[in-house]
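Please examine the sequence and the structure before reading on.

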Amino acid sequence: MRGKNVAEGPQLAVGAIAYDTRKGAVGVVMDTYSNVGDGRYALRPPGGGVEWTAVRADVRPATVADQLRPALAEVNARSRGEHR
């Protein structure tokens, strides 16, 4: 019987909201590369944008806090008069 390699990280499905800990970014899982089996995900920002590849060990399901953090940073920057 094959055991799960914990270093690979959780198995997320296409469409799941994930957090890439290496990049510090939330992304939607676009591909799991399950046919290749090399332990990567293709992620894209939730509002659209450039897709990136992340190693499975660096990806976990996104928490509500992960998902709200970018919007909160934008609101805070605007309240300080900063432009992003």
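## Terms and overall composition

Two strands are said to pair if DSSP finds at least two bridges between them.

The model is predicted. The chain contains one helix and five strands, and along the sequence these elements follow the pattern β-β-β-β-β-α.

## The sheet

The five strands make up an open sheet in the order β4-β3-β2-β1-β5, and their pairing is antiparallel. At the edges lie β4 (52-55) and β5 (59-61), each of which pairs on one side only. On average, neighbouring strands of the sheet are turned by 50 degrees against each other, with direction ignored. In general, the strands of a sheet pair through backbone hydrogen bonds, in either a parallel or an antiparallel manner.

## Individual strand pairs

β1 and β2 are antiparallel and are joined over four bridges. The hairpin that these two strands form has four residues between the strands, and in this hairpin G24 adopts a positive phi near 70 degrees. On the other pairing of β1, three bridges connect this strand to β5, again in the antiparallel sense; here the bridge partner of Y19 is R60 in β5.

Strand β3, which covers residues 40-44, pairs with β4 over four bridges, also in the antiparallel sense. Within this pair, Y41 has A54 of β4 as its bridge partner.

## The helix against the sheet

Helix α1 spans residues 64-79 and packs on the sheet, where it touches β1 (17-20), β2 (25-31) and β5. The direction of the helix makes about 75 degrees with that of β1.

## Contacts, burial and surface

Among contacts in the chain with a separation of 6 or more, 37% are between residues 24 or more positions apart. Of the 84 residues of the chain, 29% count as buried. The accessible surface of the chain is about 5,800 Å², and 55% of this belongs to carbon and sulfur atoms.

## Confidence in the model

Confidence is highest in β1, at a mean of 97, and lowest in α1, at 87.

Residues 1-7 have a pLDDT below 50, and beyond near neighbours in sequence this stretch has three contacts in the model. Where pLDDT is low, predicted coordinates should not be read in detail.

Methods: Residues are numbered from 1 along each chain as its sequence is written. This is a predicted model: local features need pLDDT of at least 70, side-chain atom pairs count only at pLDDT 80 or more; totals for chains, interfaces and linings use all residues. Side-chain values use heavy atoms; hydrogens and water are left out. Axes are lines fitted to C-alpha atoms, for helices over the stretch in contact, and angles run from 0 to 180 degrees between N-to-C directions. Contact means heavy atoms within 4.5 Å. pLDDT is the predictor's confidence in each residue, from 0 to 100. Buried means under 20% relative accessible area, exposed over 50%, partly exposed in between (1.4 Å probe, protein chains only). Accessible areas come from the Shrake-Rupley method with a 1.4 Å probe; for residues, only the protein chains shown count as cover.
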